[in-house]
Amino acid sequence: MQLRLLFLFLFLSNNFVSQNIKTIQLRPLLENNFSSIVPLGTVLELSFDDLEADSKDYQYKIEHMTHDWESSGLSSGQFIDGFDQNTIIDVSNSFNTFQNYTHYSVRIPNSNTRITKSGNYLLSILNNYDEVIFTRRFVLYESSATIGVAVERSRNTKTLNTQQTVQFSVNHPRIIINNPGQEIHVVVLKNNNWNEKISNLQPTFFKPNQLSYTYTNKTNFWGGNEYLNFDSKIIRNSSLNIVKVLKKDLFHHYLYPFKFTPFQKYSYSPDINGQFVIRTLEANDSKTEADYAMMHFSVSVEKPFTNKELYIYGAFNDFKITDENKMYYDAKTKTYQGKILFKQGFYNYTFATLEYNGSINSNVINGSFYETENEYTVIVYYKPFGSFYERVIGVGTGFFNQNR
């Protein structure tokens with residue numbers, strides 16, 4: 001039990017984000033693109049709100065990382081033209097909202113910071129005391145190799161109805177790879193969620209200028225289920241999947257209760273794979289005029305779960321497990337209940353359990369089905385003998401299509 005508590009403390013500490021920081025987004029400027037895995041030179045915008053609304057001097061800092069997110073050891077001058085740390089100057093206050101906040105944003109690259117090398121990057125936001133407030137990951141890639149990705153139903157009879165298999169090839173006519181086992185690392189990512197990834201893969205077949213990865217089981221992912229959603233673009237009235245709205249200190253929105261059943265069947269529902277979009281129909285500028293509402297979640301279940309804890313789960317907090325998104329069991333109503341403050345918008349979410357061994361399982365409540373439409377991203381890292389850093393030479397994307 002002591003080890004369990006120690007693990008949970010360390011897990012929550014590593015994922016700490018100040019409670020006054022909300023709605024963190026790191027995305028390209030293209031509409032409906034939620035991924036921070038982009039070609040080298042693409043403009044990414046980081047934005048967030050500070051609910052203390054006092055115009056702090058936040059700084060951003062950029063670090064180059066290895067494929068497994070350790071520091072690469074590069075100095076900033078080796079991967080940046082300009083400065084790796086700078087003050088965020090695009091700051092504006094909320095207007096005509098019940099919840100006051102200050103909105104911060106910065107675009108990278110900018111006149112002070114231009115990244116020159118592909119690879120993994122960690123973006124940290126620091127306060128006046130150089131303390132890290134939060135971090136976000138992003139990946140910049142070259143187009144030196146072409147990555148073909150195919151997603152199919154699992155071929156394992158035991159997981160035929162619950163898993164999906166990702167197979168891919170790395171085509172590299174312009175790059176000489178002498179020792180793929182040492183020079184190439186690949187990461188397969190599901191729905192831009194770094195908690196759901198597979199790495200440490202070796203090619204199964206070698207061809208001239210091509211590496212094939214055609215595993216039967218090693219690249220299997222649980223299919224999961226389509227994400228649940230709500231839309232709070234109208235703050236004063238009930239909207240999509242919102243059953244009740246109350247005005248207190250802020251607006252409180254109550255979602256339809258989710259009923260847990262261990263024999264749930266798959267039902268198609270279009271989603272955006274756990275992501276969210278900030279929007280409001282009651283103002284012109286969603287960045288500073290969208291308000292905040294307290295969203296209330298509930299899961300109906302006869303008895304509390306043993307050896308696991310329940311959390312609201314999604315990209316709204318970068319798929320983290322924190323005290324804020326934890327749910328608590330109410331024996332009187334036989335429901336798990338939780339509440340989180342959300343900026344107006346359309347949100348995907350699901351429910352995940354933190355298991356006794358410390359793993360995150362997003363399939364206990366909503367089930368896992370091979371039919372689920374998921375997006376898989378394959379990232380290929382290349383570090384030839386004698387090189388001092390890893391390049392990302394290509395990225396491929398594949399979607400499961402049950403009608404194919």
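**Aromatic pairs, cores and enclosed spaces**

Phe 342 comes out as buried, with 4% relative accessibility (buried means under 20% relative accessible area, exposed over 50% and partly exposed in between, using a 1.4 Å probe and protein chains only). The structure is a predicted model, where local features need pLDDT of at least 70 and side-chain atom pairs count only at pLDDT 80 or more, while totals for chains, interfaces and linings use all residues. Residues are numbered from 1 along each chain as its sequence is written, and side-chain values rest on heavy atoms, with hydrogens and water left out.

Aromatic rings come next. A pair of aromatic rings is described by the distance of the centres and the angle of the planes. Here, rings of Phe, Tyr and Trp (its six-membered ring) pair if their centres lie within 6.5 Å; planes under 30 degrees apart count as stacked, over 60 as edge-to-face and the rest as tilted. The structure holds 29 aromatic pairs.

Another pair joins Tyr 370 and Phe 400: the ring centres are 6.3 Å apart and the planes stand at 85°, so the pair is edge-to-face. Tyr 370 belongs to the loop between β29 (360–361) and β30 (375–382), and Phe 400 to the segment after β31 (391–399), so parts 30 residues apart in sequence are tied together by the pair. Both partners are buried: Tyr 370 has a relative accessible area of 16%, and Phe 400 has 6% relative accessibility. There is also an aromatic cluster, made up of Phe 230, Phe 258, Phe 276, Phe 297, Phe 316, Phe 342, Tyr 347, Tyr 349 and Phe 351.

Some of these names turn up again in the largest nonpolar core, where Phe 230, Phe 297, Val 299, Tyr 349 and Phe 351 touch the most other members out of 37 residues. (A nonpolar core is a set of buried Ala, Val, Leu, Ile, Met, Phe, Trp, Tyr and Cys residues joined through side-chain atoms within 4.5 Å.) Strands that each supply at least two residues of this core include β19 (228–231), β24 (292–300), β25 (308–313) and β27 (335–343). The most comes from β28, with 5 residues. Apart from this core lies another one, of 26 residues, with Leu 26, Phe 48, Tyr 58 and Ile 88 among them. As for Phe 351, contacts (heavy atoms within 4.5 Å) beyond four places away in sequence include Phe 258, Phe 297, Val 299, Met 327 and Ser 362.

The structure holds 2 cavities of 30 Å³ or more. On a 1 Å grid over the protein atoms alone, a cavity is a set of points where a 1.4 Å probe fits but cannot get out, a pocket is an open set with protein on both sides within 12 Å along at least five of seven lines, and lining residues have an atom within 4 Å of a point. Grid points are joined across faces, edges and corners, and a volume is the space filled by probe spheres set on the points.

Two or more lining residues come from each of β1 and β11 (132–141), and β1 has the largest share, 4 residues. By class, the lining of the largest cavity has 9 nonpolar, 5 polar and 4 charged residues (Ala, Val, Leu, Ile, Met, Phe, Trp, Tyr, Cys and Pro count as nonpolar, Asp, Glu, Lys and Arg as charged, and the others, Gly among them, as polar). The second largest cavity has a volume of about 90 Å³. Its lining includes Lys 190, Glu 196, Tyr 227 and Ser 362, and splits into 1 nonpolar, 9 polar and 2 charged residues.

β1 (21–28) also takes part in the second largest pocket, where β3 (44–50), β23 (276–278) and α3 (286–289) likewise each give at least two lining residues. Again β1 gives the most, with 4 residues. This pocket has a volume of about 540 Å³; of its 23 lining residues, Gln 25, Arg 27, Glu 45, Val 277 and Ile 278 lie nearest the centre. The lining of the pocket divides into 8 nonpolar, 7 polar and 8 charged residues.
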